[in-house]
Structure formats: C-alpha cells, structure tokens
Amino acid sequence: MKLFLPLLFCFFTLFNSCSAANVTYDRRSLIIDGQRKLLISAAIHYPRSVPGMWPGLVQTAKEGGVDVIESYVFWNGHELSPGKYNFEGRYDLVKFVKIVQQAGMYMILRIGPFVAAEWNFGGVPVWLHYVPGSVFRSDNEPFKYYMQKFMTFIVNLMKQEKLFASQGGPIIIAQVENEYGFYEQYYGEGAKRYVTWAAKMAVSQNIGVPWIMCQQDDAPDPVINTCNSFYCDQFKPNSPNKPKIWTENWPGWFKTFGARDPHRPPEDIAFSVARFFQKGGSVQNYYMYHGGTNFGRTSGGPFITTSYDYEAPIDEYGLPRLPKWGHLKELHRAIKLSEHALLKSEPTNLSLGPSLEADVYDDGSGACAAFLANMDDKTDKNAVFRNVSYHLPAWSVSILPDCKNVVFNTAKISSQASVVEMVPEELQPSVALPSKDLKALKWDIFVENAGIWGAADFTKNGFLDHINTTKDTTDYLWYTTSIIVGENEEFLKKGSHPVLLIESKGHALHAFVNQELQGSASGNGSHSPFKFENPISLKAGKNEIALLSMTVGLQNAGGLYEWVGAGLTSVKIEGLNNGTIDLSMSSWTYKIGLQGEHLGLYKPEILASVNWVSTSEPPKNQPLTWYKVVVDPPSGDEPVGLDMIHMGKGLAWLNGEEIGRYWPIKSSKHLECVQECDYRGKFFPDKCLTGCGEPTQRWYHVPRSWFKPSGNILVIFEEKGGDPTTIRFSKRKTSGLCSHIAEDYPMVDQESISKDGNGNDKTRPTVHLKCPKNTWISNVKFASYGNPTGRCGLYSMGDCHDPNSTFVVEKVCLGKNECAIELTEKNFDKSLCPGTTKKLAIEAVCS
Ligand code: GAL
C-alpha cells in the first residue's frame, strides 16, 4: 500500500509534472524535460502577506499570464537564534511553495541568504553580527559556517517535501547570494574567494536544478549570472552557454517614510519586457509583482515604509492594479503567441530607420514572429516592414506573432483602469462586550514613564551605539541624564529658553525634559544621521533629560552594511550663563525598550493582568501612550487598512498580530511632483514622483484573516501624541472603472480577432469592462466616442462626439458584472470628424 501513496498524490494534484522534471539550460533558454521555455515570473514574498492571501495572490498572477512565482527566503524570519527555526504562519515556506505547485506554476527560490529586499538587515539575522569575528558576505569562517548551515537546512527541507523540479516539485531555479557584484570592492581580495566558495557550496547541494547569482558577472560555471535593472535587453551572460535571465525588473519602487511616491508607467514596463524578449531574453521576473506589507518591524532601509506596495501589478491589499496588471497580462499573451517562433529560430536584426529596429524570428517554414521597436523617446514614427507601414509611438515596441498583425503595442493601453477608494468606517465597539451603551467605545490607557522605568539597565559615561545595545530586540532605547540649573541663570529671569542640540547617527528621536516632550527629529531615506535643535524648558534645580532614540528598520544593503550604527553622538545645551555645556561625556543611564513592550501589552493573553486605565474619552496629543480598544470587524469582505492620519508615530497590533510601524510623516511640499508621468524615455526612481506635502503612508494593512467575528483587540503605542478617536478601519474598494482606447489599438485577446475579407486575422478594438466579483455596473458616468481627452476620473468631451455614446454603453453594460463594446459602425457613428482616429472613453461605477 505504501508504494502507491506518492502515485495517488500525483494523481490528485493539479500540477502536471509530478514526476521528476529534468531542468537544464543552454544559451537560448531553460529546457524543462526537453522543452524550451520562455517564462514570465512574478515575485511574491510569502512573509509580506498572510497564508490566507497566498492562493488568491498566486491565482491572480496566473490569470495575469505568469508562469513562475519567485521569492527570496528570509533567513532572519526563519532562524530566530542559532538553530532555533520558525516556519509558522507567514513563514510557512513549504505551504507557500505547495500553493504555487497546486496552481500548476513553477517556482524560483532565491535563498540568498542575504536578500537586501528593503527587509530588516537584508535578511541576515542580527544575532550573527554578534557572533565573535563574523563579517557578513565575505571569506569569513563564522559567516560561511552559518550561511552554509542555513542554506543546507532550507535545501533539505525542500528536498524532504519533494519540492525541487528534479523530484517532481515546482522549483526550477535556486539562487545563492544576491547582487554581490555591486559590493565586491568593499571586501578586498577575499571577495572573489567568497563568490567561488558560495557557488561551489550551492552546487554541492545537488538540487538537480540550475543555480543563479544575480548581478554577478564572474559567477563561476555552472551557476548562471543574471541581470537586475529597469532594462536588461542589452545584458549578456558571462558564457555563451548560459541563457539570458532577468531576475529583477522593478515595475514600481519602494517608499521611505517622509519621501514622495514613485511611479513607473505601465507603458515603460511593457516596453522593457518586450525589448528583453525581442533581444533573446528567456526568463523575466517582476520584482515585485505583489509587494505586500512589511509587518511588525520587518522593514529595512532604514526608513522603509510598512507598506511595500511597490506600485506592483497586484497592490498591497491583493487587488490587481489596473491598468498595470491588465496591460502586462496582454503583453504576456502577445509574447506567448510568439514563443514558438522565438524559440525556433535565430533573430534577424533589421534597421527600419533612425531609432527604429526590428528583430525577426523566422524559421522559414511558417513560424515567424517580429518585434518592431521605436527607441526614440520623443517622436512617434512610421516604420515599413515587409512592405507594410506600421505606426510606432515613441518609446514603444509592437509585437507581431505572425510577422504581419500587430497584436500588442507597449504604449497603447487597452486594459481597463480602476478607481480604488479607501472607504472609512468608524471603529465599532464589540458586540461581545458586556457594555450597556453599545455605541460608545471603551478605551484602555497605559502611559509610559518618560525615561527609565523599572530598574535601569546600566549607567556609563558617554554614548553607546543604539543597535549594539538593543541588538534590535526593540526600536527603542532611552538615554537619560540630569543637569542641575542654578537659580542665578539669566534665562530663568528673562523667561527665555536654552537650546538643546543633539546629533545622532540615526534614526529618530523624541526629547523629553522633566517628563515633557520638547521636540522630535529624524533622518530620512537618503541620510540617517540627523541633528536636533529645539528650545527647551528648564527649571532651577535638577532637570531630568530623557532622550528616546529609535531605529526605523536596520540597514539592508551596501558594503559592510552590518556595521552601520545608530544612536546619539553629541548632546549640548546652549544659552546658559556659562555658554554651552557639553553633556556628551556625562554619565548616561540606559534602558532598553519600553515598559509596555516588556509587559507584552499587545498580547491578547496577558492583557487582563495589566493595570490599564479605562475611559470613554481617550487622551489626545499625549506622548508615550498605549491605547487599547475592543472592536468588531469592519463590515463586508473588502481588504482593510487602518487609517492613522491623525496619529503621530508608533506601533500597532490587532489581536496580538503585528500590523507594524505607523508614521504618517509628510514629504516636503516644496519638492517637485508631477501631475502626469511621461512614460517615454529611460525610467529611474525619481522620474515620476507624486504626493508632495502628503503623508507617505496613511493606511496600514490589517489582513482580514486577523479579524475574529467580534472582540478584536486593537492596541496602539503612540510615541509623540495623536488623536486616537480619529482612527478608522478603511475598506479598499474598486468603485469605478475606466477605459480609454482608440480605433487603431491592437487587441491581443482572442475574442476580438476575426477574419477580414482576405481571410487574414483582424483585430477589432474593443473596450472590456469588468467589476469586482458580486458588483455590477450601476452608472455610466462618462462615455464619449470621438476625441475625448483627460484621464480616469477627469475625462472631458472634445469637439468631436457621438451623442449616442452614453446610450450605447448603458445599453450594453448597465446591470452587468462585465461587458464589451466594439468600436464598430454598428455601435458608433464612424463618419464623425473624418480623417481623425477616434477614441472611446468610458467611466463607469461598480456597486
Ligand atoms: C535590488 C535588490 C532587491 C531590492 C531591489 C530594490 O538591488 O536585489 O532585493 O532591494 O534592489 O527594491
């Protein structure tokens, strides 16, 4: 009986290659069981969402035309102290890989174990920095010992569960190290030895599938070196026997607290991907396809926001981001329609004029695909290819899977866009509470001492490094001292204020004198060290100075990054009778962490044993305050974000689960922001920024699976003061759809392909609108066939407009979950404004 069990399992799984697959490669592509493949891959980091979201995310990627899911393995989430492993909850790696397998998809496992990834400490456990003699990512015995031990552990776990393709599993590629090539210069001669060692160690694990090293020009054979960049069409692997693999195409970018919002336009992402496959690329991975959330204190940086949305094709909350997701889905289809021809023949490169080029994959026996590119970043052009003239917008690629018909152009977005809102809902007191007045929320309050609580940890002259002291067990470290102010001080008589001057290596600070908050300061994404300069209130006699130093995510990349410190370096007071006094070498008393953290105030199981003070009116603008409130979940089943717009800075939990750091700090309104982004030309993270003067992060994702039907415990620790009565759960809703396409837009989807009079395929431009499930198009806010202008939410009619437009759209779409409208004579007056290419713009409401 035993013998048949694995067979039975294979029979019942959806994955079609339960039997071992042979994964090899040559210069053109990966070869899986003798078959060449062009693969679209999508990064979804398992700890950046929750297991309840994994099947949906993987499915949405699959529907988006993705073949492979890629993730790093997050060492510091798995090995909490040497040899103490964690694979629970969000860290259940095996479960995640099996979900990918069940979806019939492949997996790329980037084990690292260094990952960067805007993840705390780049994924390496903080404890390893304190193992005597260790130097990360170098030819260093302690580091290599722990790295090998962890990699072997992960490989063995995957083997045990039969998850490598060589065993019938989904994993077709594994990665060792990550972008070490960028930083080798910092590690001297040992760097090369380390690379060779890492490659050898990986290969000796015998996983039966290829290993890769990204951004590593000298990756030793048989390890494949791969490209990470916004564009990789010009990339060449270091051997003619290795395929061209793009491990990180960044379809957006990460955010840092206090900075503006970066945007990468879908047209440019599609351009980069099309160019990659045009130029012989074989595996392309979006980093990120779903960015997700840096729950708890997992974000790195420093200053990386709790949201890791990344403006990825699937948003932080798990909804497809439109039109990005849809545009890339159509691109993937166009590439797949060309796959056979692309893999069958060598390309012929043709110049079609200045900045115009074609790559034609023609095997001479019918399989033929062509990519026509206009690399000019300003001017649209016409290119003649095989006696046909093609219009190519600036900075675009047209894909012709049969060398004749354009099914996709990277600059023409025919996918719908969506209007997404965060709909607030007041916090609802839990029905489970034995309260008479169900309308009033009951708050529990706990206030921290501004300074040492309990017994001090130690006293020392001068400053210790913050990180070396806390070892990242907490964000918080108190540095406290006192000064005696004589009664004859002039400032006391004048009623003026001396000035407190502080210098810190990072990352943020609140200064208290005699229990009163005097001010705060912080570094920013590009510069951790900062200065604090604030007038303070001192009294005659003894004054307690308590400085709360904070980390906001540890350094996650760079040469020798683990040695970057944080915390105070200088403290002075200016404006005393004796001028300026320097307290830097005074006696400082330290306390690691907060009392509330020590008591575990956020843990549901010990809440009862703590001296919370109950009130129906929680204090506002009060620093160092813990708030607890028991609430019901927001109605409906939409994803939820916690609106913290009127709070200061701190940490939040629901039912003991860590929501993470909140900090609605605003970016400067004096910086430059764009109204609209020009997709043309090379992208870089600062190219298209919005959100000047706005909070970088207002909403904080609270996964639905963390809510119970009632009695949910929301705990907030507020550092500097806010208004807890304004906290809301907001529901993420797609309330509207837009579409804006022109008559000359190519269509990749099968339904819009028909034969013309000569028996050739012809695509008919069609608008597709689809509301989220269980919602219907209830209103057509705008519809114009003619020359409408503007963008989603801001369309306006031009001087050419078919007055029947709204009627036609309403007739087809009202009351439907989805609908399609062709730009044909049957529907619209094509004789309008002759000689112009007409467009159809629609904005509709889903409810
Ligand atoms: C790369 C790195 C990734 C991530 C990315 C930016 O350099 O390999 O882990 O940090 O940059 O999001």
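Helices (H or I, at least four residues) and strands (E, at least two) are DSSP runs, numbered from the N terminus. The structure is a predicted model, in which local features need pLDDT of at least 70 and side-chain atom pairs count only at pLDDT 80 or more, while totals for chains, interfaces and linings use all residues. Residues are numbered from 1 along each chain as its sequence is written, and side-chain values use heavy atoms, leaving out hydrogens and water.

Asn178 counts as buried because its relative accessibility is 1%, buried meaning under 20% relative accessible area, exposed over 50% and partly exposed in between (1.4 Å probe, protein chains only). Beyond its neighbours within four places in sequence, Asn178 is in contact (heavy atoms within 4.5 Å) with Tyr72, Arg110, Phe114, Val115, Ala116, Arg137, Cys214 and Glu248.

Next comes a pair of helices. The axes of helix H4 (residues 93–102) and helix H6 (residues 141–160) come within 11 Å and cross at roughly 50 degrees; these axes are lines fitted to C-alpha atoms over the stretch in contact, with angles running from 0 to 180 degrees between N-to-C directions. H4 and H6 are therefore oblique to each other, since angles under 35 degrees count as roughly parallel, over 145 as roughly antiparallel, 65 to 115 as roughly perpendicular and the rest as oblique. Where the two helices meet, Leu93, Val94 and Val97 in H4 are in contact with Ile154, Leu157 and Met158 in H6.
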